[in-house]
Amino acid sequence: MPFYDLKCPKCGSEFNVMAKMSERENNQINCPDCGNNQLETVFKSVNIIQSRKSDSADCPNRHVCGGCCSH
């Protein structure tokens with residue numbers, strides 16, 4: 001299950017919660033302070049780790065796919 005950084009527009013509380021994607025999509029997560037379920041996503045820094053294959057195997061379409069495909 002992913003973690004979500006959320007903010008309640010009603011009371012201003014910001015919090016982090018682990019929940020199913022369906023719970024987020026169906027507004028089933030409630031603010032821990034006021035109980036509101038109409039929450040906003042807070043975007044914070046994201047770290048992505050990608051394993052790198054040898055340079056000779058670089059994708060010729062790296063500018064399009066970001067080097068994630070199997071070319």
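## Basis

Helices (H or I, at least four residues) and strands (E, at least two) are DSSP runs, numbered from the N terminus. Two strands pair if DSSP finds at least two bridges between them.

This is a predicted model: local features need pLDDT of at least 70, side-chain atom pairs count only at pLDDT 80 or more, and totals for chains, interfaces and linings use all residues. Numbering runs from 1 along each chain as its sequence is written, and side-chain values use heavy atoms, without hydrogens and water.

## Sheet

Three strands form an open sheet in the order β2-β1-β3, with antiparallel pairing.

β1 (residues 3-7) meets β3 over 2 antiparallel bridges. Here Leu 6 has Thr 41 of β3 as its bridge partner. β1 and β2 pair over 5 bridges, also antiparallel. Phe 3 stands opposite Met 18 in β2.

## Hairpin turn

β1 and β2 make a hairpin with 6 residues between them. Gly 12 in the turn has a positive phi of about 85°. Ser 13 also lies in the loop between β1 and β2. Ser 13 counts as buried (under 20% relative accessible area; exposed is over 50%, partly exposed in between; 1.4 Å probe, protein chains only), because its relative accessibility is 11%.

Contact means heavy atoms within 4.5 Å. Beyond its neighbours within four places in sequence, Ser 13 contacts Leu 6, Lys 7, Cys 8, Cys 31 and Asp 33.

## Core

A nonpolar core is a set of buried Ala, Val, Leu, Ile, Met, Phe, Trp, Tyr and Cys residues joined through side-chain atoms within 4.5 Å. The largest has 8 residues: Tyr 4, Leu 6, Cys 8, Phe 15, Ala 19, Ile 29, Cys 31 and Leu 39.
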